[in-house]
Each structure stands twice: as structure tokens, then as C-alpha cells.
Amino acid sequence: AGAYFSTSDLSTQGSFQAAVQPVQEEVMEVDYYLAIGFFCFGSMFLMILFFFMQYLIYVIIFVFCLGGVNTLTQIGSIFLQWSWPSLKRRLCAIPSVGSVLSADVIAGVPALASVLAWVVLRNGPYAWPFQDLIGSAFLVWLQRTMRLPNIKVATLFLVIMFFFDIFWVFISPLLFQKSVMVTVATGGDTGEHVPMLLRLPAIGDPIGSDRMLGFGDIALPGLLVSYLLRHDLQSSRVWCRGYRSEERRVG
């Protein structure tokens, strides 16, 4: 889904994929400096959360909710405007926000309901569908606006983040007596969980713990998948004619 959104600028006009195409100013290409910056600022952010989680956990929850309402509303509004052009009618203008369309109001109702449902149920066994819905919207929207320019930057970016995960999950306990990444992801001793991950209930597990996958573990490989799809489309290569198909044909 993220790759579908990421290549929206290559689609034909009139399709839903073209409707979600971002303006050029919104697109950010990952370069060498940004790849290194992800490691540095990501490490600094983890350390701040590790030591001050009890003060910042509700800030993170608030930002997650605010971003969830905004992202779900934008995706829903684009779909409604594409399906029913009459919903592009402008209702009002809000300072610092801009014009509010009929589609925005209609899409905002289920978006707000989903976020409120997650807030109420977030520590219970039925919160995961709402958390995964919000998280999926975040990840798809990220793929829409971030792009890898070439395979060199993609390789550097993924290698750096590979060692980032290794250090903060497996090596950090040697320095801090706890795994920094795991402690932050589970909310420490706050009784809350950081919502920046996807959750699935473990069916048949006697311990009953959820399976968790952080946004970074999806978003970063997703950028590579989006880059590869873009390369295939620009090369007029269909999905079933990849490297192995060409190898068999030449052989």
C-alpha cells in the first residue's frame, strides 16, 4: 500500500492513485546526510525517552492521537473527493489550517471515532485493531512523502539502521542494564505502551503477550520496496519480469 502511494505521481490522471499524489514541495528525498541524521537523532530521541518516559509518555500518546486523526481524515477525504466530486465543496476556512471541505468533515467523523476508541481501549485486549489502523495510515502517508533517490543511499540508510537496531536492542543492556529499545517500546514502568508500533494478539500463547512490530521496521524496508516499484514502473517492467526472469531468458 505504501509503494502504491509512493508511485502515485507516475499514475494516469483520474485514478485514485493519482488523487493521492503529493505536491512537489511535500516530497522529501533521503540523502546521505539525512540517513546519518536518522541514526544520530533517533539515538538521542531514544535516550530522552529512556530516562524521561514517565514525563513524556502522555505527550507521545497525544501526538499519536492528533496525527492519527489528521492522517486518517486526509486519506478518507481524498477517497471521498475522488468518489464523489461534489464533496469538494468548501464549507469554511480556518486560520493556520486552510479550507475545510465537505469531504474533510465526513472523513473526520470515523477518523475521530477510531482514535477515541483506541484511547479508551488502549490498555485492553481490543485496542490493537484501532492502533494498527492508525499506524497503517501513518506508514502509508510516510511512503507518500519520503523517497529514496538511488540504491546507494538505500544501502547506506538500511545498513545504518540495521546497526542502530542491533546496538539499542542487544548492546545497550551492557551499558544501561536494560535494553533501551525494548524499555521504550513497552513504556517502561508507566503502565502505558508507546503506540508507535503494530500489535497483534498471540493466539494460543499461554503467556498471552502481544506480537509487536515497530514502525521503523516497516517504514524503512518499505522505502526500499517503494523505490524498487518506482524503478520498475519507470523501466516499463512488469512485476513478474524481475531479475530472475531476465536471468532465465538470457541463459
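**Figure 1. Arginine 230 and its pairing with aspartate 9 in the predicted model.** Arginine 230 counts as buried, at 11% relative accessibility. Aspartate 9 lies in the loop between H1 and H2, whereas arginine 230 belongs to helix H8 (residues 215-234), so the pair ties together parts that are 221 residues apart in sequence.

**Figure 2. The salt bridge between aspartate 9 and arginine 147.** The closest N and O atoms of this pair are 3.2 Å apart. Arginine 147 is located in strand S4 (residues 146-147) and aspartate 9 in the loop between helix H1 (2-6) and helix H2 (16-19); the contact therefore ties together parts 138 residues apart in sequence. Arginine 147 counts as buried, with 13% relative accessibility.

**Figure 3. The salt bridge between glutamate 192 and arginine 122.** Here the closest N and O atoms are 2.9 Å apart. Glutamate 192 lies in the loop between helix H7 (180-185) and strand S5 (197-200), and arginine 122 in the loop between helix H4 (102-121) and helix H5 (128-145), so that parts 70 residues apart in sequence are tied together. Both glutamate 192 and arginine 122 are buried. Elsewhere, salt bridges with shared partners join Asp9, Arg147 and Arg230 into one network. The whole structure contains 3 salt bridges.

**Figure 4. Cysteine 65 and cysteine 92.** Cysteine 65 counts as buried at 12% relative accessibility, while cysteine 92 is partly exposed, with a relative accessible area of 36%. A search of the whole structure gives 0 disulfides.

Technical notes. Residues are numbered from 1 along each chain as its sequence is written. This is a predicted model: local features need pLDDT of at least 70, side-chain atom pairs count only at pLDDT 80 or more; totals for chains, interfaces and linings use all residues. Side-chain values use heavy atoms; hydrogens and water are left out. A disulfide is a pair of cysteine sulfur atoms within 2.5 Å. Buried means under 20% relative accessible area, exposed over 50%, partly exposed in between (1.4 Å probe, protein chains only). A salt bridge is a side-chain nitrogen of Lys or Arg within 4 Å of a carboxyl oxygen of Asp or Glu. Helices (H or I, at least four residues) and strands (E, at least two) are DSSP runs, numbered from the N terminus.
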